[in-house]
Amino acid sequence: MSLLGQRLAATAVALWVIAIATVTAVADALPDSTWVAIKPLPHQARSAVFALAVDPANNQSVVAGNSEGSLLRSSTGGTGWTVVHTGKATLTTIAYSPYTSGLVLAGTRGSGALLSRDGGGSWSSPQGLEGRTVRVFAFALTVMAAGTDRGVYVSPDGAGWSPAGLSDRSINALAVEAIHAPVRLVAGSDSQASTGPLSLYQSVDGGGSWTTFNPPISGSIVVRLAAGPLPPAGNVRPLIVGTNTGLFQSSDNGSTFAPLSGGALLPTTDYTQVSFITDHFDHFYGASDGGGSKSGGLWRTNDGGQSFASLRPPEASVTALAASNEEQPTLYIATFQPSTHVASLWTIHDTGGTPQGPAANGSPVASGTRTAHSGGDSILSQILAAPQLPYVGLGLGALAVVLTAVVAHLRGRYR
């Protein structure tokens, strides 16, 4: 290859590298504590998004399920979506394993589960859950559990599943209270009796046997269960229970519960989402879709539920929540407007500041953009507004040097 050809090849490589860096810079340009609309899921139709998850190791890698039964993945924080699995069954849940890198599970309505071992890039159908409606997954160190319309199933690796009790119950919520053997599981049903106290189910042997306990908490349906990290002192993880009428917390394996909703704390409504922040037992988010009312929202506590701060989501009805595994998490939420049946996706980098609303014309339906600019903003204007601008400038400077060298060579050759 001639010297000119080598220089031209080097120029092309430089252009490619800078283009990739520029796109990444724009994708990562998420302002602190500010809600930003991200691109809607293709073919979502007029139904809510319930299946949404973010990779614990990469806050830009997101997997979601649309109303057609397809799984979609974004590697750029929602700026664009790629179909990674095509199906017909509604997606009910998506969960990354916190203990096995790259392992992701998705549940469907009536068609079992789906398994990915490469962070959501490709999917297969595991054995043992065929025909089941899978609503929730929970993970211990050596076993994972699934809540289904016919009880709890367990698996050592996600590829093969076997029944683990409560087959006469439709399990809507599931949490791992002890991740080491003996694994402690807590389950809740979405089909409680019309009378009598609300029931929870507990297993201290990884699903081998179950006992029933009736905590004195309000509600007739257990919507959500979540177990947090261990506190610095003690060996009992906090257990959060969301019902169709409130949010409650236990610090003694369910023997007693303290209400977190009602009064001056949180509204009395259904709580469908709970997510802990990294390894903090007393830092977590709670979210609600409002049960069709306007009482939904998203809240954060940094003191174990003694106080809550609203994150002021752009729309009150939060149907899905995914939080990255960082001290200052990137959150992804799905919201739903019951009056218009429009599902929207939003993201925020929660740095602890007062949350700011999206741009007035930043509707995800109107713009489909990741950054809070109007739909008419050019790529150039987004780059100029990005905090990574200095690095892009360095890359452009290097490109200018290469182009100058090429021009100088051409002039010397044709004189």
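Which residue of β4 stands opposite Ala64? The model is predicted, and in it Leu72 of β4 takes that place. Strand β3 (residues 58-65) and strand β4 (residues 71-74) run antiparallel and are joined by four bridges. Five residues lie between these strands in their hairpin, where Gly69 adopts a positive phi near 100 degrees. Strand β4 is also joined, by three bridges, to the antiparallel strand β5 (residues 82-85). Here Arg73 has Thr82 in β5 as its bridge partner.

A further sheet is open and consists of four strands in the order β21-β22-β23-β24, paired in the antiparallel sense. Its edge strands, β21 (273-276) and β24 (309-310), each pair on one side only. Two bridges connect β23 (residues 297-301) with β24 in antiparallel fashion, and Trp299 has Ser310 in β24 as its bridge partner.

The structure contains four aromatic pairs. Two of them are set out below.

| Pair | Geometry | Centre to centre | Angle between planes |
|---|---|---|---|
| Phe137 and Trp161 | tilted | 6.1 Å | 50 degrees |
| Phe276 and Phe284 | tilted | 5.1 Å | 50 degrees |

Because Phe137 belongs to strand β9 (residues 134-139) and Trp161 to the loop between β11 (151-155) and β12 (162-163), their pair ties together parts that are 24 residues apart in sequence. Phe137 is buried, with a relative accessible area of 8%, and Trp161 is buried as well, with a value of 6%.

Phe276 and Phe284 are both buried. Ring pairs link Phe276 and Phe284 with Phe308 into a cluster.

Methods: Residues numbered from 1 in each chain as written. Predicted model: local features only at pLDDT ≥ 70, side-chain atom pairs only at ≥ 80, totals over all residues. Heavy atoms only, no water. Pairing = 2+ DSSP bridges. Phe/Tyr/Trp six-rings, centres within 6.5 Å; stacked < 30°, edge-to-face > 60°. Buried < 20%, exposed > 50% of the residue type's maximum accessible area, 1.4 Å probe, protein only.
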